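Hi everyone, thanks for coming. Have a look at the sequence and the model on the screen, and then I'll walk you through a few spots.

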Amino acid sequence: MEENKQPVSEGKTTEKKETKATPAAKEKKSEKMFLLRSSPHMATTDNVPRIMWTVIAALMPAVVYGVYNFGFSVLLTILWSVIAAVVTEIVTNKMRGRDMKNGDGSAVLTGLLLAMTLPPGFPKAYAAIGSVFAIAIGKQIFGGLGYNIFNPALLGRAFLQASFSVKMTTWTAPVSMDAITTATPLGSFKFEKVMTPYFDLFMGRIGGCIGETSALLIIIGGIYLLIKKYADWRIPVSYLGTVFILGGLFWLINPEQYPDPVFHLFSGGLMLGAFFMATDMVTSPVTPRGTWIYGVGLGIVLIVIRLFGGLPEGVMYSILFMNAFVPLINRYTRLKIFGEPKK
Amino acid sequence: MATKKSYAGEFLKGLWDENPVLRMQLGLCPTLAVTNSAINGFSMGLAVIFTLVMSSTIISLARNIIPKEVRIPTFIIVIATFVTIADKMLAAYFPDISKALGPFVPLIVVNCIIMGRQEAFASKNPVGRAIIDALGMSIGFTITLTILGSIRELLGVGTIFAVQIMPSSFEPWMVMVLQPGAFLTLGLMIGVANWINARRTK
């Protein structure tokens, strides 16, 4: 480990020594388990399990609120979803001959995120089917964590949406409300032109998916992630910013027909999507410039779906849609290598 | 053909080793489009069996008199003749199936399995071999489409060949009878076929 901590400037001398060393000496070194790598050398405590568990922790406030808001049964939905995801992860890894000693918690996160995007009354067995799909088809088919093109949790949700569209749009009212079913704020605006008060929107006393209702708690978790730098701040900023500006433009054009930008920001799954799903490290661009393009694209797709599409909500499809462009964005926003000649 | 296979080998290769859908990825357009139920996949397969066997026979018989320069138009005319016969027969005797298959029966004309077998096999081999090859290929196609259609129908409606299989509490996975279901199921089937093959060659 000592080798790893060498400052960058000494990298060259290490390399020279390495080339001079005889094969026998090399072997000796490898026996001692020295890690020899080319510069730059950085010591970091971040690793995949730590990041995954931190994200899960950041989601907890919203999860706890979801359980409080919709009753104990959603906790079971979440458990079903998470357990199905973990079991699928273990089984598929076995099938692929992968070592499971380094369980990284990503399956738990996928299951949890999927459950948070489901309506509260959604049958638990179907939530499990969604998890199985998310892990097996959404992630492992592509080669496992780090190779998936689309956000697995959202892919699982898209599968459920396409399979059980009626159940996916039946909204149970929060237990604190005196009703059995209720429309989501976006749905009631789109189909009945009824506005929901901002305060309810912000705090989460509304109908909706298990984990998306309270904008406040999601923002708290999201900001924690941004501070820890596990999520790129550019994505939520550009995503939310685009939604605000574009939504605002349409609102200025025709306030009767289009909701105002603040409503756009705090309704539906936008906060959850912007902080926890669009920022997925695997499925978002790696370059700063690419990240801006990605975020703006997300916002445009979302507004188009919300205002002109048949569905009231478009966060899921906007993220899946832009996920497909990430390899292309990465390719065209590649950073210049230092010293590379100008064209 | 470098090595002459036995007649049985010529037939069997269409079922697995050179299965048009699973191994060669040919004819995917009808495969994806019409397999929303087992019966549709099966009848599509039958139409292809008829067309492929008949046109392979004719092409193989005429292989020595077709000028090389115009062989492709000749193939198409022969194939189109039999496709038209199959299409009209379906429309006359099985109007429901004909309606379900829609434009995909006339489109057999440009099905690459049929075109490919004429170009690669029937135009170079005697008629007996050509028929055996055509039978193997088209039956392989039919079996694949029927399995694909059965899986999609089972999960998407709960039945196979309109016979209820799933318990009544089963909620159909609508996605399976829609287009994404075709891609998902076919992809997984090709994956399984590759996996089996990889194990066999080991």
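Okay, let's start in chain A. On one side, in H12(A), we have A:Arg234, A:Ile235, A:Val237, A:Ser238, A:Tyr239, A:Thr242, A:Val243, A:Leu246, A:Gly247 and A:Phe250, and they meet A:Pro288, A:Thr291, A:Trp292, A:Tyr294, A:Gly295, A:Val296, A:Leu298, A:Gly299, A:Ile300, A:Leu302, A:Ile303 and A:Leu307 in H15(A). Two residues are in contact when their C-beta atoms, placed from the backbone, lie within 7 Å. Helices (H or I, at least four residues) and strands (E, at least two) are DSSP runs, numbered from the N terminus.

What sort of residues are these? They divide into 15 nonpolar, six polar and one charged. Here Ala, Val, Leu, Ile, Met, Phe, Trp, Tyr, Cys and Pro count as nonpolar, Asp, Glu, Lys and Arg as charged, and the others, Gly among them, as polar.

Before I go on: this is a predicted model, where local features need pLDDT of at least 70 and side-chain atom pairs count only at pLDDT 80 or more, while totals for chains, interfaces and linings use all residues. Residues are numbered from 1 along each chain as its sequence is written, and chains are lettered from A and ligands numbered from 1 in the order in which they are written.

Chain A as a whole has 16 helices and zero strands. Of its 343 residues, 42% are buried, meaning 20 or more other C-beta atoms lie within 10 Å of their own; 12 or fewer is exposed, in between is partly exposed, and C-beta atoms are placed from the backbone.

**Where the chains touch**

How many residues of chain A are in contact with chain B? Six, and they touch seven residues of chain B. Helix H7 of chain A, residues 152–163, gives the most to chain A's side, with three residues. That side divides into four nonpolar, two polar and no charged residues.

B:Leu135 sits in helix H7 of chain B, residues 127–156. Why is B:Leu135 called partly exposed? Because it has 17 other C-beta atoms within 10 Å. Leaving aside neighbours within four places in sequence, B:Leu135 is in contact with B:Phe11 and B:Val53.

Then there's B:Ser169, in the loop between strand S2 (163–164) and helix H8 (174–177) of chain B. B:Ser169 has 6 other C-beta atoms within 10 Å, so it's exposed. From B:Ser169 to B:Ile196 is 27 residues in sequence and 34 Å in space, C-alpha to C-alpha.
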